[in-house]
Amino acid sequence: MHNTISTRHQNLYLEDVALDDIANQFGTPCFVYSKDAIRQNFMAYKEALGDQDHLICYAVKSNSNLAVLQTLADLGAGFDIVSGGELERVLLAGGDASKIVFSGVAKTATDMRRALQVGIHCFNVESETELALLNATAAEQDKVAAVSVRVNPDVDAKTHPYISTGLKENKFGIDINLAPEIYQRAAQMDNISVVGVDCHIGSQITEIKPFIDAMDRLLVLVSELESMGIRLNHIDIGGGLGVRYQNEDTPTVADYMAELLPRLEGRHESLVMEPGRSITANAGVLLMEVQTIKSNGLNNFAIVDAAMNDMLRPALYQAWMDIQPIKHNSSAQEATYDVVGPVCETGDFLGKGRPLAIAEGDRLCLFSAGAYGFVMSSNYNSRPRAPEVMVDGDKTYLIRARETITDLVRGEQLLPTGS
Ligand SMILES: *Cc1c(COP(=O)(O)O)cnc(C)c1O
């Protein structure tokens with residue numbers, strides 16, 4: 001899985017760069033991404049799709065660094081955005097506006113205006129209110145907004161409840177049974193053009209079946225719409241496959257497409273996909289340094305300089321992420337550690353019960369940190385956010401500088417004295 005990570009002379013390398021050299025140059029904590037891994041992961045989708053008419057819209061929310069977006073834009077990717085901020089990022093990175101799909105539960109009129117102005121591919125509409133607002137906003141500009149309705153197919157993605165989004169009880173999308181009515185109304189609106197249907201059933205899905213079940217339900221809806229005289233141009237199956245963090249048995253994109261594509265054979269609609277995690281997760285790592293080792297008689301703690309503000313997944317989803325020393329330490333004894341950050345929360349851990357041969361001052365690598373890592377980071381405990389570095393062969397590029405104290409207090413104001 002970490003196919004751009006290798007061990008050379010008992011040192012971890014990302015492509016042709018020793019992670020220890022990166023830590024020396026940029027300090028810790030530090031996110032590092034492999035350009036080649038991003039490319040390979042994107043190309044796996046392209047290749048598996050073969051002759052199928054398609055648009056791969058990378059889910060920007062999984063990693064929105066400009067250089068990451070630029071790498072994907074250069075490969076011809078489209079983008080799935082969920083905010084006006086993500087729209088501007090894609091444009092700044094050289095992404096093609098006509099390949100953008102705009103997801104998100106409640107888009108604002110301001111975001112809609114801008115997206116209409118730059119001419120995105122389509123709005124994935126999630127409610128009737130949003131549809132009406134979009135129609136009115138497009139009318140202001142004398143434009144016609146291309147629309148897909150995000151339906152909720154009510155399938156169980158069998159993933160963590162916080163990232164399961166396709167069940168009836170979730171806030172996302174429109175009940176698939178109510179969709180035909182909404183399509184009918186949309187088709188009658190002057191400034192709306194109905195072009196597609198979409199769903200997104202969740203993230204970190206490690207089985208193919210839920211995706212296929214969702215597609216089958218979408219296809220029933222598509223036929224129903226056809227019989228009503230509404231013909232769609234595309235079907236958007238949402239996010240991509242789950243990835244291997246530990247020992248999950250994850251299907252390949254080729255396995256997935258081998259089951260999905262026969263469903264679309266002979267159909268005119270193109271297939272849209274919105275993969276995020278599977279493009280970036282295993283293309284990135286988070287480097288950190290052991291500050292203190294301590295024991296309370298029950299647990300050994302390795303307190304590192306990265307924390308939940310840098311990588312929230314373990315605290316938020318009890319996610320398991322691999323942690324390994326970046327350099328072999330022959331004088332350290334193996335012990336079982338809870339790897340924790342310095343933030344004042346008991347939930348501030350990166351890994352629990354990990355066998356590691358480490359000493360204070362050693363550097364560790366947290367794997368699979370390229371997706372939902374930096375993008376979810378915060379300044380909690382007034383910790384400046386970590387830098388991001390891109391490796392390309394034997395070259396390294398700083399693609400986001402470590403935040404400074406000036407960055408930390410940017411925009412803040414003291415009250416006038418004596419008030
Ligand atoms: C988060 C999200 C995605 C990306 O999901 P991954 O599991 O990262 O591939 C795609 N589409 C929508 C609407 C999303 O919310």
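**Ligand, strands and backbone**

Reader: Is Tyr245 buried or exposed, and what is its relative accessible area?

Author: Tyr245 belongs to the buried class, where buried means under 20% relative accessible area, exposed means over 50%, and partly exposed lies in between, using a 1.4 Å probe and protein chains only. This is a predicted model, in which local features need pLDDT of at least 70 and side-chain atom pairs count only at pLDDT 80 or more, while totals for chains, interfaces and linings use all residues. Residues are numbered from 1 along each chain as its sequence is written, and side-chain values use heavy atoms, with hydrogens and water left out. Tyr245 is buried because its relative accessible area is 4%.

Reader: Where is Tyr245 placed, and how far apart in space are Tyr245 and Gln204, C-alpha to C-alpha?

Author: Helices (H or I, at least four residues) and strands (E, at least two) are DSSP runs, numbered from the N terminus. On that basis Tyr245 sits in the loop between β12 and α9 (253-264). In sequence, Tyr245 and Gln204 are 41 residues apart, and the C-alpha to C-alpha separation in space is 9.8 Å.

Reader: How far apart in space are Tyr45 and Phe26, C-alpha to C-alpha?

Author: Tyr45 lies in helix α2 (residues 35-49), and Tyr45 counts as buried because its relative accessibility is 1%. Tyr45 and Phe26 are separated by 19 residues in sequence, and in space, from C-alpha to C-alpha, by 33 Å.

Reader: Which residues come nearest to the ligand, and how many of the residues around it are charged?

Author: A residue is near a molecule or strand if one of its heavy atoms lies within 4 Å of it. Among the 14 residues around the ligand, those that come nearest are Lys61, Ser203, Glu274, Arg277 and Tyr372. For classes, Ala, Val, Leu, Ile, Met, Phe, Trp, Tyr, Cys and Pro count as nonpolar, Asp, Glu, Lys and Arg as charged, and the others, Gly among them, as polar. With that scheme, the shell around the ligand has three nonpolar residues and six polar ones, while the number of charged residues is five.

Reader: How far is the Glu274 side chain from a nitrogen atom of the ligand, and what share of the ligand's area does the protein bury?

Author: A polar contact is a pair of N or O atoms within 3.5 Å; within protein, one must be able to donate a hydrogen and the other to accept it, and residues adjacent in sequence count only if both atoms are side-chain atoms. A polar side-chain atom of Ser203 lies 2.4 Å from a ligand oxygen atom, a polar side-chain atom of His200 lies 3.5 Å from a ligand nitrogen atom, and an N or O atom in the Glu274 side chain is 2.6 Å from a ligand nitrogen atom. Taken alone, the ligand exposes 390 Å², and the share of that area buried by the protein is 94%. Those areas come from the Shrake-Rupley method with a 1.4 Å probe, only the protein chains shown counting as cover for residues, and the share asked for is 94%.

Reader: What handedness has the β-α-β unit made by β11, helix α8 and β12?

Author: A crossover is right-handed if, with the strands pointing away from the viewer, the path from the first strand over the helix to the second runs clockwise. For the unit made by β11, helix α8 (residues 209-227) and β12, the handedness is right-handed.

Reader: What is the phi of Glu15 near, and where is Glu15 placed?

Author: Most residues other than glycine have a negative phi, and most peptide bonds are trans. Glu15 is buried, with a relative accessible area of 12%, and has a positive phi, near 50°. Its place is the loop between β2 and β3.

Reader: What is omega near for the peptide bond from Thr28 to Pro29?

Author: Pro29 sits in the loop between α1 (19-26) and β4 (30-34). The bond from Thr28 to Pro29 is cis, and omega is near -10°.
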